[in-house]
Amino acid sequence: METLFANSELTDIKAKVEAGERLSREDGIRLYQSNELLAIGYLADLVRRRKNGNKTYFTVNRHINHTNVCKNLCKLCAFGRKAEDPGAYTLSLDEVEAKAKECHGLKVSEIHIVGGLNPELKINYYLEMLRRVRSAAPGAIIKSFTAVEIDYLARTHNMSLQEVIKTLMDAGLDSLPGGGAEIFARRVRDIICEKKISGERWLEVHEAAHRVGMRTNATMLYGHVETIEERIDHLIQLRELQDKTGGFLTFIPLAFHPKNTALVSHKLSLTTGYDDLKTLAIARLMLDNFDHIKAYWVMIGPKIAQVSLSFGVDDLDGTVIEEKIAHDAGAETAQIMAKNKLIHMIKAAGKDPVERDTLYNVIEEGF
Ligand code: V47
């Protein structure tokens with residue numbers, strides 16, 4: 001270890017991490033500016049071990065995207081369509097129910113449902129969907145609807161955020177996924193998702209969910225037009241809300257995929273493995289009040305996701321089964337990962353696989 005930090009520009013940050021002290025905005029920026037990837041990874045691994053030991057969590061989950069019709073049509077997104085566009089779809093409740101029934105047979109513990117802002121769908125569609133999914137897959141936790149969808153339901157039905165969330169909870173909703181956060185900075189949102197709710201509103205929705213006792217996830221979309229300062233500010237805003245509520249379960253950095261999006265004119269490339277590992281490690285270091293950092297192999301590829309288990313990550317998502325958002329934007333990964341493959345990847349990285357549910361209750365370990 002001495003050699004890793006010999007002549008290092010990060011010795012003061014190392015001292016802070018070892019003492020369990022909170023890193024500042026400047027520390028975060030310096031970590032991003034540094035090319036000492038192994039030193040950053042070592043520090044993130046220190047925190048990961050302190051919080052989760054040698055455990056690496058994974059979920060047997062399924063994604064369902066009920067509609068790609070969306071009135072926002074964000075430039076960052078290749079999934080959303082106008083209702084009249086070729087390829088636009090909205091699943092009937094029977095179709096959603098059939099997908100949920102398959103989950104029951106596959107011992108899926110988490111169903112992750114998100115979709116576009118389709119003006120045709122009223123809250124009754126969502127409530128009936130939750131009731132049907134709940135009874136088709138009674139053993140599964142329903143983690144559904146991004147903050148963007150929750151805000152849309154509240155505004156279109158003249159309801160408060162808490163009313164919407166409570167109504168959905170009564171119908172079976174357990175948790176919110178972390179999508180729609182992107183980068184909170186207004187400058188960035190004006191370029192990549194002009195019509196989407198603001199960063200402040202995204203945080204308000206999650207705070208409202210936490211206040212009614214719901215646990216939720218957080219994400220950050222990186223690798224487009226944002227600066228490293230804007231990434232660090234995004235992490236700090238999440239950390240501040242977590243200080244207030246303690247309601248976040250995990251943080252998932254999402255690597256931007258430019259293909260088929262309206263951001264192609266910015267000539268953006270896919271993120272590099274180097275940036276993926278750095279971002280995961282820095283998230284582990286900055287988000288000192290988050291228990292878990294999750295790698296989403298669909299967006300960074302299974303190999304970088306596996307290596308990230310030595311760079312601060314303690315959770316690998318998941319079996320997934322069907323994925324549209326990244327694949328419409330050119331992702332070349334598979335859409336499904338068998339449970340035994342996830343276990344193999346985790347064990348081959350020298351970690352102990354733990355199958356968990358959404359709330360990190362252990363389903364099985366000792367594989
Ligand atoms: O909200 C959209 C992002 C999100 C692109 O909470 C894109 O456990 C990359 O939120 N390139 C959906 N990303 C995915 C998501 C998620 C995934 C896995 C686990 C969890 C969780 C949440 O994907 C969207 C948006 O932020 N996205 N377009 C794109 N072109």
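Biologist: In which loop is the place of Cys74?

Modeller: A word on the basis comes first: this is a predicted model, in which local features need pLDDT of at least 70 and side-chain atom pairs count only at pLDDT 80 or more, while totals for chains, interfaces and linings use all residues. Residues are numbered from 1 along each chain as its sequence is written. With helices (H or I, at least four residues) and strands (E, at least two) taken as DSSP runs numbered from the N terminus, Cys74 lies in the loop between strand 2 and helix 5.

Biologist: Which residues does UniProt list for "binding site"?

Modeller: The positions are given in the numbering used here, with feature names shortened, and such annotations may be inferred rather than shown by experiment. The record is an unreviewed entry, and for "binding site" it lists Cys70, Cys74 and Cys77.

Biologist: Is Cys70 buried or exposed?

Modeller: A residue is called buried if 20 or more other C-beta atoms, placed from the backbone, lie within 10 Å of its own, exposed if 12 or fewer, and partly exposed in between. Because Cys70 has 23 other C-beta atoms within 10 Å, it counts as buried.

Biologist: Which residues does Cys74 contact, leaving aside its neighbours within four places in sequence?

Modeller: Contact here requires that the two C-beta atoms, placed from the backbone, lie within 7 Å. Cys74 is itself buried, because 22 other C-beta atoms lie within 10 Å. With those sequence neighbours set aside, its contacts are Gly80, Ile192, Cys193, Lys195 and Lys196.

Biologist: How many residues of helix 7 are buried, and what is included in their cover?

Modeller: Helix 7, residues 147-156, is mostly covered, with 8 of its 10 residues buried. The cover over these buried residues includes helix 6 (123-136), helix 8 (161-171), strand 5 (175-176) and helix 10 (199-211).

Biologist: Which residues touch the most other members of the largest nonpolar core?

Modeller: Such a core is a set of buried Ala, Val, Leu, Ile, Met, Phe, Trp, Tyr and Cys residues joined through C-beta atoms within 7 Å. Among the 112 residues of the largest one, those touching the most other members are Ile111, Ile150, Phe251 and Leu285.
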